[in-house]
Amino acid sequence: MSSLYSKLISVIEEKITPMAGAVGQQKYVTSIRDGFILALPFMIVGSFMLVFIFPPFSPDTTWGFARAWLQFSINHRENLMLPFNFSMGIMTIFISVGVAASLARHHALDPLTSGMLSLMGFLLVAAPLKDGQISVAYFSGQGIFTALLVAIYTTELYALLKRNNITIRLPPEVPTGVARSFEILIPVLAVVLTLHPLNLFIEAQLGMIIPEAIMSLVKPLVAASDTLPAILLSVLVCQILWFAGIHGALIVTGIMNPFWMANLSVNQAAMAAGTAIPHIYVQGFWDHYLLIGGVGSTLPLAFLLMRSKAVHLRTIGRMGVVPGMFNINEPILFGAPIIMNPLFFLPFVLVPMVNASMAYFALDFGLVARVVSMTPWTTPGPIGASWAANWALSPMIMCLICMVTSAIMYYPFFKAFEKQLLDQEAGNTNPSNSVTQSATA
Amino acid sequence: MKKIMLCCSAGMSTSMLVKKMVEEADKRALEVDIKAFGVAEFEQQVGNYEVVLLGPQVKYMQKDLQNKASIYGIKVEPINMMDYGMQKGAAVLDFALSLIENNK
């Protein structure tokens with residue numbers, strides 16, 4: 001066991017860590033992630049509007065207040081939808097600006113200029129203008145991959161031109177502000193002259209515009225992203241990296257986000273149309289069933305630790321339980337520790353995978369309401385699960401069940417670790433020095 | 001005034017440690033400016049500080065971040081895992097101060 005474990009650790013350190021570092025710091029992965037972070041508040045507030053549009057009451061309710069709300073929502077549907085339409089409905093606008101601005105930092109370009117350049121590029125290929133009307137069909141999840149590609153393309157093009165000093169040069173007497181406004185002319189022109197003909201060409205050849213073509217290309221991938229194997233694989237990668245002390249969620253969510261967003265927008269469209277919600281695996285599923293109290297679902301473990309007989313574990317439990325409620329669990333992970341602790345390898349990896357499977361089937365069989373809302377990842381598990389599913393009750397119950405299974409699975413390993421520590425404390429006449437000292441500090 | 005920057009993925013868990021470090025510095029009547037940031041803000045912020053401490057979970061970014069910090073001649077070092085987990089404000093503050101001292 002111990003030699004197997006040391007072998008595992010050396011594989012992690014020699015192979016996985018550099019690889020995770022390479023992926024996690026890859027400029028496109030980080031720019032996409034940071035761009036989504038910039039777009040997130042708009043989507044959270046926009047999603048929040050769904051509650052006003054679709055209040056969490058059954059249509060045949062007899063409660064007066066609920067009836068009045070439902071009637072109000074039906075009467076004012078269009079006005080209520082507006083904030084939603086101009087946030088979630090045009091998410092690609094925020095994403096295209098956000099991703100380009102984040103990528104601009106890698107090239108030391110002006111983020112605002114890069115964002116605007118990307119926005120124009122995106123509109124050129126994704127917003128067909130007919131009879132003075134813009135089609136917004138690709139402004140939502142359907143256009144997400146196009147927005148990402150265009151953001152990367154326009155920013156790289158801008159960087160390339162800047163690197164090679166291809167710009168309009170003005171005499172040094174011209175004020176810098178004026179010179180700067182001329183500097184961007186060539187990149188704008190280059191974007192127009194490349195993307196517009198490309199779009200026209202693709203439309204003529206394939207009979208569809210670029211976002212349509214891209215969406216049909218990535219369709220199998222998007223479909224695959226919403227299956228149990230995809231869930232299990234993404235969780236497994238995240239857990240193994242985290243066990244090695246690497247922020248695995250940062251890497252996994254960076255890759256999964258575009259898929260989650262695309263699927264979320266489909267779910268919301270289905271809700272608005274009153275049809276069945278198709279997708280299971282979106283952000284809210286990850287956050288509120290698999291990361292209850294943070295990666296590894298350690299909140300139930302924190303409750304166990306709080307009542308431990310070992311002083312060290314009790315201290316960690318008390319310290320970690322409140323941040324854990326808001327899904328921040330570094331004190332538990334590094335303090336217990338769980339990271340690199342062979343005793344905790346199995347439950348740490350398996351707990352979220354077991355919970356993922358249970359939740360997947362519960363949602364698949366229609367026992368639990370599916371995610372239709374964007375929620376902040378710091379929302380406490382059961383509340384977040386309910387919020388994400390438009391305040392349905394079933395997700396809250398599902399989340400609580402996941403917490404119970406987590407506690408049950410962690411328990412024997414926690415007990416074994418506790419025994420180890422207690423033996424140490426008893427065997428050591430100057431009671432396990434650093435541990436108890438810090439516990440009383 | 002000692003200027004210390006902490007950095008993790010979103011600046012959330014490091015901000016908890018910042019609180020402990022500031023408490024400890026107050027106890028020692030030490031003038032400090034300690035703040036936590038997410039890695040996305042690293043480049044904008046790093047120039048305002050004398051040393052950067054990384055949450056152990058983003059240790060894998062050390063090389064890259066060190067390159068960016070070297071422009072300002074400052075060090076980027078990961079925080080000891082146990083100190084981080086136990087939120088030992090005193091130990092981490094000492095670590096930061098020693099890095100600033102050795103860098104002179």
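How many residues does helix H17 of chain A have, and how far does helix H17 reach from its first C-alpha to its last? Helix H17(A), residues 342–364, has 23 residues and reaches 34 Å. That is close to the 33 Å expected at 1.5 Å a residue. The expected span is 1.5 Å times one less than the number of residues.

## Basis of the model

This is a predicted model, in which local features need pLDDT of at least 70, side-chain atom pairs count only at pLDDT 80 or more, and totals for chains, interfaces and linings use all residues. Residues are numbered from 1 along each chain as its sequence is written, chains are lettered from A and ligands numbered from 1 in the order in which they are written, and side-chain values use heavy atoms, with hydrogens and water left out.

## Helix H17 of chain A

H17(A) bends by about 30 degrees at A:Leu350. The bend is the angle between axes fitted to the seven residues ending at a residue and the seven starting there. A proline, A:Pro352, follows within four residues. Just after H17(A), A:Gly366 takes a positive phi of about 80 degrees. Helices (H or I, at least four residues) and strands (E, at least two) are DSSP runs, numbered from the N terminus.

## Annotated spans

In an unreviewed entry, UniProt places "transmembrane region" at several spans of chain A, including 84–104, 230–252 and 343–368. Such annotations may be inferred rather than shown by experiment. Residues 84–104 of chain A are 76% helix and 0% strand, with end C-alpha atoms 29 Å apart. Residues 230–252 of chain A are 83% helix and 0% strand, and their end C-alpha atoms are 11 Å apart.

For chain B, an unreviewed UniProt entry lists "domain: PTS EIIB type-3" at residues 1–104. That span is 45% helix and 21% strand. Its end C-alpha atoms lie 15 Å apart.

## The largest pocket

The largest pocket has a volume of about 920 Å³. A pocket is an open set of points on a 1 Å grid over the protein atoms alone, with protein on both sides within 12 Å along at least five of seven lines. Lining residues have an atom within 4 Å of a point. Of the 40 lining residues, the closest to the centre are A:Ile37, A:Leu250, A:Trp377, B:Ser9 and B:Ala10.

H2, H5, H12 and H13 of chain A each give two or more residues to this lining. H2(A) gives the most, with 6 residues. By class, the lining has 19 nonpolar, 15 polar and 6 charged residues.

## Two cavities

A search of the whole structure finds 2 cavities of 30 Å³ or more. In a cavity, a 1.4 Å probe fits but cannot get out. The largest cavity has a volume of about 250 Å³. Of its 17 lining residues, the closest to the centre are A:Asp34, A:His106, B:Val39, B:Ala40 and B:Lys68. H2(A) supplies the largest share, 4 residues. The lining has 5 nonpolar, 6 polar and 6 charged residues.

The second largest cavity holds about 40 Å³. Its lining includes A:Trp260, A:Gln283 and A:Met374. H12(A) gives the most to this lining, with 3 residues. The classes here are 6 nonpolar, 3 polar and no charged.

## An aromatic pair

The count comes to 23 aromatic pairs over all chains. Rings of Phe, Tyr and Trp (its six-membered ring) pair if their centres lie within 6.5 Å; planes under 30 degrees apart count as stacked, over 60 as edge-to-face and the rest as tilted. The rings of A:Trp242 and A:Phe334 have centres 6.2 Å apart and planes at 55 degrees, so this pair is tilted. A:Trp242 lies in H11(A) and A:Phe334 in H16(A), so the pair ties together parts that are 92 residues apart in sequence.

Key
Points joined across faces, edges and corners; volume = space filled by probe spheres on them. Nonpolar A, V, L, I, M, F, W, Y, C, P; charged D, E, K, R; others polar.
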